[in-house]
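Hello,

The structure we discussed is pasted below, followed by notes on what was found in it.

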Amino acid sequence: MQPLLPSPEAVLALPALMQGRVLSSDLDLDGHMSMQRHVERGEEGAEMLLRSVGVDDAYRAEQGMAVFSAEHHVRLFRELSEGGQFSVHTMLLDRSARIAHLLAFLLDHEEHSISSTVEMVLVHVGMATRRAVDFPAEVATGLDALIATSQRFDGRVPTSGSMGIRR
């Protein structure tokens with residue numbers, strides 16, 4: 001059963017964290033953007049969202065902390081073909097002291113439709129120990145602001161139902 005998707009207009013209301021065109025190097029043997037590239041674009045959207053709250057290269061170097069991908073769930077709804085224009089729109093759904101739950105939409109501008117969703121769980125870690133650690137207060141505040149923005153999303157949020165924050 002197909003999940004109920006938000007309208008492309010609702011997704012376009014989210015910031016476009018990246019835009020691009022499908023290159024020949026993005027294609028799989030079937031001639032459309034590979035699943036690997038969908039995941040990569042979703043992760044790039046997550047990285048851009050985290051940069052907006054200060055989790056960037058300087059943060060990693062100065063604070064000795066980073067965010068690791070722990071889980072992904074990818075859904076492909078429409079092929080992206082070579083030369084097709086797309087954008088990535090990412091929302092932060094929830095967080096705990098150490099975990100973030102995000103959803104990225106890859107929007108196909110040629111067909112004006114959602115091509116895929118990449119849902120992910122990210123873990124905040126201390127690089128010295130490689131273990132989960134709490135988000136610092138300033139990052140947590142920024143994440144909470146992103147969650148508040150996502151809660152105003154005017155559309156269905158098509159999560160897998162199999163991942164998220166455990167309470």
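Which residues does L92 touch, not counting residues up to four places away in sequence? L92 touches L49, A100, H101, L102, L143, L146, I147 and S150, where contact means heavy atoms within 4.5 Å.

On provenance: this is a predicted model, in which local features need pLDDT of at least 70 and side-chain atom pairs count only at pLDDT 80 or more, while totals for chains, interfaces and linings use all residues. Residues are numbered from 1 along each chain as its sequence is written, and side-chain values use heavy atoms, with hydrogens and water left out.

L92, L102 and L143 touch the most other members of the largest nonpolar core, which has 28 residues. A nonpolar core is a set of buried (under 20% relative accessible area, 1.4 Å probe, protein chains only) Ala, Val, Leu, Ile, Met, Phe, Trp, Tyr and Cys residues joined through side-chain atoms within 4.5 Å. Two or more residues each come from α2, β2, β3, β4, β5 and α4, with α4 giving the largest share, five residues. A second, separate core of 11 residues includes L14, F77, L107 and F153.

The buried residues of α2 include R37, H38 and R41; among the elements covering the buried residues of α2 are β1 (18–21) and α4 (137–151).

D108 lies in strand β4. D108 is buried yet has no salt bridge, and the nearest side chain of opposite charge, R78, is 4.6 Å away; a salt bridge needs a side-chain nitrogen of Lys or Arg within 4 Å of a carboxyl oxygen of Asp or Glu. The D108 side chain does reach the backbone nitrogen of E110, at 2.8 Å.

Regards

Conventions: Buried means under 20% relative accessible area, exposed over 50%, partly exposed in between (1.4 Å probe, protein chains only). Helices (H or I, at least four residues) and strands (E, at least two) are DSSP runs, numbered from the N terminus. Lys and Arg count as positive and Asp and Glu as negative; His and the chain ends are not counted. A polar contact is a pair of N or O atoms within 3.5 Å; within protein, one must be able to donate a hydrogen and the other to accept it, and residues adjacent in sequence count only if both atoms are side-chain atoms.
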